[in-house]
Amino acid sequence: MDSSAYISLEDVVFSRSGRRIFDGVSLEIPRGKITAIMGPSGTGKTTLLRLIGGQLRPDSGRVVVDGHEVPKLRRKALYAFREKMGMLFQSGALFTDLSVFENVAFPLRVHTRLPEDMIRDIVLMKLEAVGLRGARHLMPSELSGGMTRRVALARSIALDPELILYDEPFAGQDPIAMGVLVKLIRDLNSSMGLTSVLVSHDVPESLSICHYACIIADGRVIGEGSPEQLREHPSGQVQQFLQGQPDGPVPFHYPAEGAARDFGLSGGVS
Amino acid sequence: MIERIAAFGRLGLDTVSSFGRSGRFLAGVLGGVPRPATGFPLLMKQLYAVGVLSLPIIVVSGLFIGMVLALQGYTILSDYGSEAAIGQMIALTLVRELGPVVTALLFAGRAGSALTAEIGLMKATEQLSSMEMMGVDPLRRVVAPRLWAGFIAMPVLAAIFSVIGIWGGMLVGVDWLGVFEGSFWGNMQSSVDFVDDVLNGMVKSVVFGFVCTWIAVYQGYDCVPTSAGISSATTKTVVYSSLAVLGLDFVLTAVMFGDF
């Protein structure tokens, strides 16, 4: 893998409500590449993004992004640091009281003192990049799920960030919207030279665009490498996840006492 | 038994930690100097939402409460032949007590619950998180303008409530029941003191406005981001605000008027 890691997690331990989410996760995310972080639901993929963005602090371990140790940044420095970072939330998280245009203009108005005509040009360019220049007057409630995510994507690249974090970008999308998002993520990464971190459990789409991928389960990294390396990975758990097999190292049945006893049978059923 | 004691202890710890969190939250909201260029339009928008949109309920309630006070006052005072004193009775009751208290209760129900639901929904739909990730502090951008708007709007609403109430009292007392208009206004002017009554009433409404809005924005910001969580936070806002207003009203009244 690329030696210049943009993000590095070292032995990160994180618990919430008494439950250990990460138990010594170490991971390096290369600069200028698309890295997919995959894993079953509830394994803490979104939590990982929040640790990278400094919204959560690990119990122990280091989270280093572009040379900054994120958990140790003070509030003001953390907010300044986040200006270099864009995040696409699963719900889009558009501001419901602002139009599409104003949503994309929001970070520009807050962080820059650009004149209004320049803000307009930048916003229209960003909306053009996601194919929604014509939808600038619409309100978020008038958008479909796919359009919402595209507007949110335009907003997250408004300040030309170095890093984009995508939280489940493909979840709940129809095939066309999914294709559009795959294309946008790939194009944005190559044209802007971004470092992209993609959290998803949509295996084919994620592996089709990422340069590097890792799979997290049970609080640790169970497999990592290029998409080709992962497809050949010897771990049964990795293969079960990639191929979507219903039973395997992750059992179909939730642990329970013997079926014979539950059903009141004297024998013959195991 | 031990479990009950433990549960009681846990409740105590949760309550204390909630007070601590709300204090830190308040410090985060009020800390730092707002930028007038961005802060002023946000404040105006919230003043409209919290203040102007609360006007109908405040005006209508003020009118009816003033009218009821006049009717009740007339019934009682006429037994002693002193119905001319209803002007001062209505004014003192409204300015000292009912103006600040009833306005605060209505404010908690109308504006407070709306603030909690709005901020809670912004949290549930990740709008607050997305703002944080854009390098914008939601405490300053979302919460601070709402807190200041409530703080400013509440005393003005309480003053409007009292004025409308006195006018409603006059409608019933003078125009309907026939109390002499000169006595109605004259007794009021001679007995209502600006500092002791009007200013003390204003102080109450400032305190109530601050407490109600603080509770409302904190409950929204601290809620569990689910529909049940928002519903529970909205209920808590109304309940806690009402209890806080009534409790504080007793304390403030004792401090202001309890010097016997």
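A contact here means heavy atoms within 4.5 Å. This is a predicted model, in which local features need pLDDT of at least 70, side-chain atom pairs count only at pLDDT 80 or more, and totals for chains, interfaces and linings use all residues; side-chain values use heavy atoms, with hydrogens and water left out. Residues are numbered from 1 along each chain as its sequence is written, while chains are lettered from A and ligands numbered from 1 in the order in which they are written. Y74(B) shows the contact term at work: leaving aside residues up to four places away in sequence, Y74(B) touches E83(B), I86(B), L177(B) and V179(B).

**Chain B: overall build**

- Chain B has nine helices and zero strands; helices (H or I, at least four residues) and strands (E, at least two) are DSSP runs, numbered from the N terminus.
- Read from the N terminus, the order of elements in chain B is α-α-α-α-α-α-α-α-α.
- Along the principal axes, the C-alpha atoms of chain B fill a box of roughly 65 × 55 × 35 Å.
- Of its 260 residues, 43% count as buried. Buried means under 20% relative accessible area, exposed over 50%, and partly exposed in between (1.4 Å probe, protein chains only).
- Among contacts in chain B with a separation of 6 or more, 84% join residues 24 or more positions apart.

**Chain B: surface and charge**

- The accessible surface of chain B is about 12,900 Å², and 71% of that belongs to carbon and sulfur atoms. Areas come from the Shrake-Rupley method with a 1.4 Å probe; for residues, only the protein chains shown count as cover.
- Chain B carries 14 positive and 17 negative side chains, and the centres of the two sets lie 17 Å apart.
- Lys and Arg count as positive, Asp and Glu as negative; His and the chain ends are not counted. Each charge is placed at NZ of Lys, CZ of Arg, CG of Asp or CD of Glu.

**Chain B: helices 2 and 4**

- The axes of helix 2 (residues 36-50) and helix 4 (residues 86-124) of chain B come within 10 Å and cross at roughly 135°. Axes are lines fitted to C-alpha atoms, for helices over the stretch in contact, and angles run from 0 to 180 degrees between N-to-C directions.
- Helix 2 of chain B and helix 4 of chain B are therefore oblique to each other. Angles under 35 degrees count as roughly parallel, over 145 as roughly antiparallel, 65 to 115 as roughly perpendicular and the rest as oblique.
- Q46(B), A49(B) and V50(B) of helix 2 meet F107(B), R110(B), A111(B) and L115(B) of helix 4.

**Chain B: Y74(B)**

- Y74(B) sits in helix 3 (residues 55-79) of chain B.
- Y74(B) is partly exposed, at 23% relative accessibility.
- From Y74(B) to G87(B) is 13 residues in sequence and 9.9 Å in space, C-alpha to C-alpha.

**Chain A: overall build**

- Chain A contains 10 helices and 10 strands.
- Its C-alpha trace spans about 80 × 40 × 35 Å along the principal axes.
- Buried residues make up 51% of the 270 residues in chain A.
- Chain A exposes about 12,800 Å², with 51% supplied by carbon and sulfur atoms.
- The mean positions of its 29 positive and 31 negative charges are 6 Å apart.

**Positive phi**

- Most residues other than glycine have a negative phi.
- A93(A), not a glycine, has a positive phi near 55°. A93(A) lies in the loop between strand 6 (85-88) and helix 3 (100-111) of chain A, and is buried at 2% relative accessible area.
- E126(B), also not a glycine, has a positive phi of about 65°. E126(B) lies in the loop between helix 4 and helix 5 (127-133) of chain B, and is buried at 16%.
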